[in-house]
Amino acid sequence: MIMTDSAVIQAEHLEKRFGDLVAVDDVSFHVDAGEIFGLLGPNGAGKSTAMMMLAGLLPVDGGTIAVCGKTVKMGDRFARRALGVVPQELAIYPELTARENLTFFGRLYGVTGATLTERIGEALERTGLTGRADDLAGNYSGGMKRRLNFGIALLHKPKLLILDEPTVGVDPQSRAHLLNCVRDLSDDGVACIYVSHYMEEVQAICRRVAIVDRGKLIVCDTLDSLLGQLTADVCLHVSSPPTDLLESLDGLAELAPHTNGEGEATLIIPRDQRDEEGELSATLTKVVGLLDAKGVTLHAVETHQPNLERLFLRLTGKRLRD
């Protein structure tokens, strides 16, 4: 793994066990100053465990963690001062106002006096809550609570910010605002680890992405490099597909998981860089012939460009996880 002098955090060969369960197995990555680094994986893949080790909330069973070039261990004060965490579960007090929440958490971080007053003003301005600063947090909308949750993590000016599903359940305006806040922090030189199941968000703001599954690191590379492994899927929009259509297609195409309520459906011919030249043309000819034999009307053919969700499903599989 290539490290850089600008790396804010370096995780090398991390391991974590809970009895016989290996939650994190030889995971290594680094995040540079000003970088937004995407961390993806199915439920139970080991993402949260890895983040808890980075945040000093779980001991490391194997490997090392270095923050700003200094090796740290669980509970290290230096690491805690350098890191900020935006948890998936809201960490705010609903019976306090936004200003009171920020004051309380700021003091926990050791920020006091005029500095704290200034930081609170900056956090309110950054999160768009200045006009509602003295309203009870319990009366906020879901998006406003998420923004306050985000602002709290910034009070001590962290060098690394860990964001765990920061936009869950928020309205589109708050989601866009939070993503812009992350971009602004990146511009200010803050390293960000962005954990999310919203692939379009990760694709929009991250340059590099790591995907973990069953505790292991599957890939870690730039988005351009990862998406370069895929080519455009071909989509066929058809009407009134019979129930036995997929069986007739024999794996040549997949049914997209939606219909428009009028009996129409979309068939997908998946592709990747391993396809032989001319293979698509032959497959398309076979599929169109089978559709005609089944009396299915083909309305349109279009291509879908490579995206992170397709790559994620290809690498981790499509079976449901508990």
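What share of the contacts in the protein chain with a separation of 6 or more comes from residues 24 or more positions apart? The share is 71%, where contact means heavy atoms within 4.5 Å. The model is predicted, so to speak of local features pLDDT of at least 70 is needed, side-chain atom pairs count only at pLDDT 80 or more, and totals for chains, interfaces and linings use all residues. Residues are numbered from 1 along each chain as its sequence is written, and side-chain values use heavy atoms, with hydrogens and water left out.

The protein chain holds 11 helices and 14 strands. Helices (H or I, at least four residues) and strands (E, at least two) are DSSP runs, numbered from the N terminus. Along the principal axes, the C-alpha atoms of the chain fill a box of roughly 75 × 45 × 35 Å. Of the 322 residues in the chain, 45% are buried. Buried means under 20% relative accessible area, exposed means over 50%, and partly exposed lies in between (1.4 Å probe, protein chains only).

An open sheet is formed by 6 strands. Their order is β6-β7-β8-β3-β9-β10, and the pairing is mixed. The edges are taken by β6 and β10 (216-222); each has a single partner strand, so one side of each is left without a neighbour in the sheet. On average, neighbouring strands of this sheet are turned by 15° against each other, direction ignored. Two strands pair if DSSP finds at least two bridges between them. Strands of a sheet pair through backbone hydrogen bonds, either parallel or antiparallel. Within the sheet, β3 (residues 36-40) and β8 (residues 191-195) run parallel and are joined by 4 bridges. Ile-36 has Cys-192 in β8 as its bridge partner. Helix α11 (residues 308-316) lies across β3, β9 (208-213) and β10. The helix runs at about 30° to β9. Axes are lines fitted to C-alpha atoms, for helices over the stretch in contact, and angles run from 0 to 180 degrees between N-to-C directions.

Cys-192 belongs to strand β8. This residue counts as buried because its relative accessibility is 0%. Apart from neighbours within four places in sequence, Cys-192 is in contact with Val-31, Glu-35, Ile-36, Phe-37, Leu-160, Leu-161, Leu-163, Val-182 and Leu-185. Ile-162 lies 30 residues from Cys-192 in sequence, and the two are 5.9 Å apart in space, C-alpha to C-alpha.

Helix α5 (residues 142-152) has 9 of its 11 residues buried, so this helix is largely enclosed by the rest of the structure. The buried residues of α5 are Gly-143, Met-144, Arg-146, Arg-147, Leu-148, Asn-149, Phe-150, Gly-151 and Ile-152. Their cover includes β6 (83-86), α3 (98-108), α4 (113-127), β7 (160-164) and α6 (172-187).

The axes of α3 and α4 cross at roughly 130° and come within 10 Å. That makes α3 oblique to α4; angles under 35 degrees count as roughly parallel, over 145 as roughly antiparallel, 65 to 115 as roughly perpendicular and the rest as oblique. The crossing of α3 and α4 is right-handed. A crossing is right-handed if the near helix is turned clockwise from the far one by less than a right angle, and left-handed if anticlockwise. From α3, Ala-98, Arg-99, Leu-102, Thr-103, Gly-106 and Arg-107 meet Leu-116, Ile-120, Ala-123 and Leu-124 of α4. By class, this contact has 6 nonpolar, 2 polar and 2 charged residues. Ala, Val, Leu, Ile, Met, Phe, Trp, Tyr, Cys and Pro count as nonpolar, Asp, Glu, Lys and Arg as charged, and the others, Gly among them, as polar.

Helix α4 also packs against α5, at an angle of about 140° and with the axes 9 Å apart. That makes α4 oblique to α5. Their crossing is right-handed. Ala-123, Arg-126 and Thr-127 of α4 meet Arg-147, Phe-150 and Gly-151 of α5. The contact of α4 with α5 comprises 2 nonpolar, 2 polar and 2 charged residues.

Strand β11 (residues 233-239) has 6 of its 7 residues buried, so this strand is largely enclosed by the rest of the structure. With β14 (residues 297-304), β11 pairs in the antiparallel sense over 7 bridges. β11 and β13 (residues 264-269) also run antiparallel, joined by 6 bridges. Ser-239 has Thr-297 as its bridge partner in β14 and stands opposite Glu-264 in β13.
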